[in-house]
Amino acid sequence: MKHYDAVVIGGGSAGLSAAVTLKKQGIENIIVLEKDGETGGILQQCIHNGFGLQTFKEQLSGPAYAERFIDQAAEAGVEVLTDTMVTHIGADKTIEYVNSTEGYAKIQADAIILAVGCYERSRGAVEIPGERPTGIYTAGQAQRYLNIDGYLVGKKVFILGSGDIGLIMARRMTLEGAKVYGVAELMPYSNGLPRNIKQCLEDFGIPLYLSHTVTHIYGHDRLERIEVSAVDEKRKPVPGTEMYFDVDTLLLSVGLIPENHLADEIGVVMNPRTRGPVVDENYMTSVEGIFACGNGLHVHDLVDFVTMEAARAAEGAARWLKNGSSAGRVIRTEAGSNVSYIVPGLLHTDAMPGNVEFFFRVTRPLDAGEIIVRSGEKVLRTLKKKKLMPSEMERVLLTKQQLTGLEDNLTIEVKETE
Amino acid sequence: METKELICVNCPMGCRVSVTIEAGEVLSVTGNSCPRGEAYARQESIRPMRILTSTVKIDHALHRVLPVITSKDIPLDMMDAAMEEIRRVTVDAPVKMNDVLIENLLGTGADVIASRSMDRI
């Protein structure tokens, strides 16, 4: 069986960054397995600009951002297999995959980095009553058809969910000559970035219906009409508020879920909030030698953070390959009031490799808040911030000194302030 | 005197910027976290400008279309005309990232450039 020091599953932004970092760390014998025909992942269909401001201090399109990492990986001599689908991984770090040149193959890794990305919640997940015509797509699927394959999926469009991909597609389809009638969002606030509300909806006069949802689908073969209703505080449709839109296309932008079939099969412990693995400060999952990063770990809004996080996971993997597992005390991170989740979830406080940046999200929009990080009753750091939104990931950095020796679980909470 | 609340679209931070305007003159800009925010707010109050991204047809490549981007902002009110120009273009692979596909798009001074490389197949 072919052996690698590390195998990276997924050749998107996380996988490429992890692979380049592994090489920098002196881990030479590695391979990236990518299911698509080329690397770059979802960035290849995100042709809009706005990527890379943190990493490159300039505004790149998704494909341009991807190309920088594809080039870096090529320069570093990273071996990549495209059109290769991983079908199974084992706790013994064997990996089974299929592709058209080798058929079925099995390889052995010392370490595995899961950089598998996420998938879109589909119509089934939101259970819209009505008929089952064609013309209903997830926003990312319509985006792929348009930006990679060159097909516009419809001319009269409505979008359910105000996630960023939905907003980006509202603009994109409008520019391509489709009429976008509106975007309905179940929550009383948008789930997309404020800049996308502005430049994708307001620029083109596309209405955003907050606290609304699609309540019925009509159409025998092709979608013909949808019913949209206002919802109350309990998110239940309010009778008498129905609006009808004669559309041929409904896009769903109703959330992303980390893709974790491979990790699930071998019992990797998951965080029920992120739906990705629980990882420690080295980005190692509950299974020794298996690491996770990127949208497969938790869904990000900015690719720059994916790149950064994947590099840290690769550094963690390199440390593990050289030194073995971290010993000593383990504490958990706990989401306090107004916080939905924290990554990483575990800390070896006797063996901190360096400073740790914690990623978290708030549960609801707050005009202003104080971020409080504490271990038991001991406050480690406080941070005041304006405009906290569930759609925008928050970060807080703690130093190695602050974390070393902590005995009580680490809590991050956000107190609403005036 | 009039105060406008804008959301800066330069980057995903989406700063909420306040612009004070009197008789068509921008008096002050607050709330921006970088110089680009101020420049954006001033321009936005006069004539909104945006980067345009789209695709053009490509022959002999892995995909049927190639993503393209304007080399700088163009007026938002020219988007439809710009899309018409872009739709006319077909390129032949190979293409390198930043290759100029349309020079000086509609006199805006912005070029339409390839936003990625694509090999010939």
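Which side chains meet in a salt bridge at 2.5 Å, N to O? In this predicted model, they are those of Arg50(B) and Asp203(A). The pair crosses between chains, running from strand 4 (residues 49–50) of chain B, where Arg50(B) sits, to the loop between helix 7 and strand 13 (208–210) of chain A, which holds Asp203(A). Arg50(B) counts as buried, at 4% relative accessibility. Asp203(A) is buried as well, with a relative accessible area of 15%. Both residues belong to a network of salt bridges that also links Lys198(A) and Glu44(B).

**Where the chains meet**

Let us step back to the contact as a whole. Chain A contributes 31 residues and chain B contributes 32 residues. Between them the two chains bury about 2,900 Å², with 54% of that area on carbon and sulfur atoms. On the chain A side, Glu67(A), Leu175(A) and Arg195(A) lose the most area to chain B, together 20% of what that side buries.

Across this interface there are 4 salt bridges. One of the salt bridges joins Glu38(A) to Arg116(B), with the closest N and O atoms 2.6 Å apart. The chains also share 15 residue pairs in polar contact. Several elements of chain A give two or more residues to the side that touches chain B, among them strand 3 (49–51), helix 3 (62–75) and helix 5 (139–147). Helix 7 of chain A gives the most, with 4 residues. By type, the residues on this side of chain A divide into 11 nonpolar, 10 polar and 10 charged.

**Salt bridges compared**

Side chains of opposite charge can pair when their charged atoms come close. Over all chains, the structure holds 25 salt bridges. Here are a few of them:

| Residue pair | N to O distance |
|---|---|
| Arg50(B) and Asp203(A) | 2.5 Å |
| Glu38(A) and Arg116(B) | 2.6 Å |
| Glu176(A) and Arg172(A) | 2.9 Å |
| Glu357(A) and Arg395(A) | 3.5 Å |

In the Glu176(A) pair, Glu176(A) counts as buried at 19% relative accessibility, and Arg172(A) is buried at 4%. The pair of Glu357(A) and Arg395(A) links distant parts of the chain, 38 residues apart, from strand 23 (residues 356–362) to strand 26 (residues 394–398) of chain A. Glu357(A) is buried, with a relative accessible area of 12%, whereas Arg395(A) counts as partly exposed at 30%.

**A strand inside chain B**

Now turn to strand 6 (residues 65–70) of chain B. Of its 6 residues, 6 are buried, so this strand is largely enclosed by the rest of the structure. Both faces are covered: Val65(B), Pro67(B) and Ile69(B) lie on one side, with Leu66(B), Val68(B) and Thr70(B) on the other.

Strand 6 of chain B pairs with strand 5 (residues 53–59) of chain B in the antiparallel sense, over 5 bridges. Here Val56(B) stands opposite Leu66(B). The hairpin of these two strands has 5 residues between the strands, and His60(B) takes a positive phi near 60° in it. Strand 6 of chain B also runs antiparallel to strand 10 (residues 112–114) of chain B, joined by 3 bridges. In strand 10 of chain B, Ile113(B) is the bridge partner of Ile69(B).

**A buried glutamate in chain A**

Our last stop is Glu413(A), in strand 27 (residues 410–416) of chain A. Glu413(A) is buried, with a relative accessible area of 16%. A polar contact of 3.2 Å joins its side chain to that of Arg374(A). Beyond its neighbours within four places in sequence, Glu413(A) is in contact with residues including Gly336(A), Val339(A) and Ile372(A).

Methods:
Residues are numbered from 1 along each chain as its sequence is written. Chains are lettered from A and ligands numbered from 1 in the order in which they are written. This is a predicted model: local features need pLDDT of at least 70, side-chain atom pairs count only at pLDDT 80 or more; totals for chains, interfaces and linings use all residues. Side-chain values use heavy atoms; hydrogens and water are left out. Contact means heavy atoms within 4.5 Å. Buried area is the accessible area (1.4 Å probe) that two parts lose on being put together, summed over both. A polar contact is a pair of N or O atoms within 3.5 Å; within protein, one must be able to donate a hydrogen and the other to accept it, and residues adjacent in sequence count only if both atoms are side-chain atoms. Ala, Val, Leu, Ile, Met, Phe, Trp, Tyr, Cys and Pro count as nonpolar, Asp, Glu, Lys and Arg as charged, and the others, Gly among them, as polar. Buried means under 20% relative accessible area, exposed over 50%, partly exposed in between (1.4 Å probe, protein chains only). Two strands pair if DSSP finds at least two bridges between them.
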